[in-house]
Amino acid sequence: MITREDIIKPENLVYQKPVLMNDNAMHYCPGCSHGVVHKLIAEVIEEMGMEDKTIGISPVGCAVFMYNYLDIDWQEAAHGRAPAVATAIKRLWPSKLVFTYQGDGDLACIGTAETIHALNRGDNITIIFINNGIYGMTGGQMAPTTLLGMKTATCPEGRDVHLHGYPIKITEIAAQLEGTSYVTRQSVQSVAAIRKAKKAIRKAFENSMSGKGSNLVEIVSTCNAGWKMTPVDANTWMEKNMFPFYPLGDIKDKE
Ligand SMILES: Cc1ncc(C[n+]2csc(CCOP(=O)(O)OP(=O)(O)O)c2C)c(N)n1
């Protein structure tokens, strides 16, 4: 009979939870992308041996509670202001790995100015941008990233270009800025996508430690509760509707 002790032998261990992730129960809705990205960030920090040298900046939105789940140093920022706070922290402690973790309402709307200027200054930080196309925490209102035709709590007939303008591709804008080093768009809807997203986060974190400039990793994500879909339907909807407008892959890599 195989006992538990046999299974946990080092040679039989194929996977384990990152040590940095504590046992607090996550508040995220089932199917939400946030938890997967949290885990990738924890894994990368551990693999880089930066457990006690990392400072995360957590702003407003569902992302804010990341400090409850990852046992690193955290600083909370007002809505949209995380890149400005990250700039200050990185300049005070250049030897630290400094990253922000922001939603699209936070980064691409209320914090557009902070985001663009921090990236353009070439501050050696990484911005992780969770783009789920809506304001998730407050009940699924339209965000600047909401697709045309997409229904939200504040555009129940669908986003109309004449009323609301076009969705913004902030990642493409970031790639145009002199200060950015690595700009990429990833997702976490499949095992292959998760692996690629992890590689992208690793590269961005390494770049920010080697002084190559600022880095932006967008993760096109689902918000199945806000989109009012099952987790599986939300993934399918994202692949069919979000990926054509927000295509995945590296947009800029200065090397
Ligand atoms: C200055 C300020 N304005 C508005 C709010 C209300 N608010 C809290 S969360 C949120 C939406 C955040 O959405 P997003 O950044 O897309 O993240 P998500 O919740 O989708 O992960 C808003 C508008 C606030 N807390 N502070």
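Biologist: How do the residues of the shell around the ligand divide into nonpolar, polar and charged?

Modeller: The model is predicted. The shell around the ligand holds 16 residues, and Cys62, Gly105, Asp106, Gly136 and Met137 come nearest. By class, the shell divides into six nonpolar, eight polar and two charged residues.

Biologist: Which element gives the largest share of the shell around the ligand?

Modeller: Two elements give two or more residues to the shell, namely strand S5 (134-135) and helix H4 (104-110). The largest share, four residues, comes from H4.

Biologist: Which residue has a backbone N or O atom 2.8 Å from an oxygen atom of the ligand?

Modeller: Polar contacts here are pairs of N or O atoms within 3.5 Å. For Ile134, a backbone N or O atom lies 3.1 Å from a ligand oxygen, and for Met137 a polar backbone atom is 2.9 Å from a ligand oxygen. The distance of 2.8 Å belongs to a backbone N or O atom of Gly105.

Biologist: Where does the ligand sit, and what is the volume of the largest pocket?

Modeller: The ligand sits in the largest pocket. Lining this pocket are 17 residues, of which Val60, Gly61, Cys62, Gly136 and Met137 lie nearest its centre. The volume of the largest pocket is about 210 Å³.

Biologist: Which element gives the most to the lining of the largest pocket?

Modeller: The lining of the largest pocket comprises 17 residues. Both H4 and S5 give two or more residues to this lining. With three residues, the element that gives the most is H4.

Biologist: How many charged residues does the lining of the largest pocket have?

Modeller: Among the lining residues nearest the centre of the largest pocket are Cys62 and Met137. By class, the lining has seven nonpolar and eight polar residues. The number of charged residues in this lining is two.

Biologist: Which helix gives the largest share of the lining of the second largest pocket?

Modeller: The second largest pocket holds about 170 Å³ of space. Its lining of 17 residues has Cys29, Cys32, Cys62, Cys223 and Ala225 nearest the centre, and by class there are seven nonpolar, nine polar and one charged. The largest share, three residues, comes from helix H9 (residues 224-227).

How values were computed: Residues are numbered from 1 along each chain as its sequence is written. This is a predicted model: local features need pLDDT of at least 70, side-chain atom pairs count only at pLDDT 80 or more; totals for chains, interfaces and linings use all residues. Side-chain values use heavy atoms; hydrogens and water are left out. A residue is near a molecule or strand if one of its heavy atoms lies within 4 Å of it. A polar contact is a pair of N or O atoms within 3.5 Å; within protein, one must be able to donate a hydrogen and the other to accept it, and residues adjacent in sequence count only if both atoms are side-chain atoms. On a 1 Å grid over the protein atoms alone, a cavity is a set of points where a 1.4 Å probe fits but cannot get out, and a pocket is an open set with protein on both sides within 12 Å along at least five of seven lines; lining residues have an atom within 4 Å of a point. A molecule sits in a cavity or pocket if more than half of its atoms lie within 2 Å of its grid points. Ala, Val, Leu, Ile, Met, Phe, Trp, Tyr, Cys and Pro count as nonpolar, Asp, Glu, Lys and Arg as charged, and the others, Gly among them, as polar. Grid points are joined across faces, edges and corners, and a volume is the space filled by probe spheres set on the points.
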